[in-house]
Amino acid sequence: MKRILSAAAALALLSGAAVAQTTVTTTRSTGDTVEIAPEQRTVIKKYVTEHHSKPVKLKERVTVGSTVPADVTFEPLPSTIVTENPRLKGYSYFSSDSGTYIVDPGSRRVITTID
């Protein structure tokens, strides 16, 4: 019984550590994988806040994988993020009242949310 409790405690500790270091992996329509580390997500959120991007009013709920309406204008990702993670080159973002979204401007699909 003592071994079972120890194993369960170790598993709980390891799973907690994994959550703290999680990166979000997204896949482009081309099959490329893009990872956005938590610190990069923080930089993107800070950038959007500091640059006062005008939030878009959306009529429909936007989720990862959904297509953004044609009337929504995208902004390029900050060069500091693209420099740190070149696989993000070509992605854009937009903000709404419900959050900030990273999109593939070619397909207009949401690849992840930042919040």
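**Close-up views of a predicted model**

**View 1. Aromatic pairs in the predicted model.** Three aromatic pairs turn up in a search of the whole structure; rings of Phe, Tyr and Trp (its six-membered ring) pair if their centres lie within 6.5 Å, and planes under 30 degrees apart count as stacked, over 60 as edge-to-face and the rest as tilted. One of them joins Phe74 and Phe94 in a tilted arrangement, 5.9 Å centre to centre with 35° between the planes. Phe74 belongs to the loop between helix 2 (38-50) and strand 3 (75-76) and Phe94 to strand 4 (residues 92-96), so the pair ties together parts that are 20 residues apart in sequence. Phe94 also pairs with Tyr101, here stacked, at 5.1 Å centre to centre and 20° between the planes.

Residues are numbered from 1 along each chain as its sequence is written, and side-chain values use heavy atoms, with hydrogens and water left out.

View 2. Buried means under 20% relative accessible area, exposed over 50%, and partly exposed in between (1.4 Å probe, protein chains only). Phe74 counts as buried at 16% relative accessibility. Phe94 has a relative accessible area of 2% and is buried, and Tyr101 is buried at 4%.

**View 3. The largest nonpolar core.** A nonpolar core is a set of buried Ala, Val, Leu, Ile, Met, Phe, Trp, Tyr and Cys residues joined through side-chain atoms within 4.5 Å. The largest has 11 residues, including Ile36, Ile44, Val48, Leu77 and Ile114. Helix 2 and strand 6 (109-114) are the elements that give two or more residues to this core. Another core, of nine residues, lies apart from it and includes Val62, Val72, Phe94 and Val110.

**View 4. Surroundings of Leu77.** Neighbours within four places in sequence aside, Leu77 is in contact (heavy atoms within 4.5 Å) with Ile44, Val82, Leu88, Tyr91, Ser92, Tyr93 and Ile102.

**View 5. The protein chain as a whole.** Three helices and six strands make up its secondary structure, in the order α-β-β-α-β-α-β-β-β from the N terminus. Helices (H or I, at least four residues) and strands (E, at least two) are DSSP runs, numbered from the N terminus. Of the 115 residues in the protein chain, 33% are buried.

Technical notes. This is a predicted model: local features need pLDDT of at least 70, side-chain atom pairs count only at pLDDT 80 or more; totals for chains, interfaces and linings use all residues.
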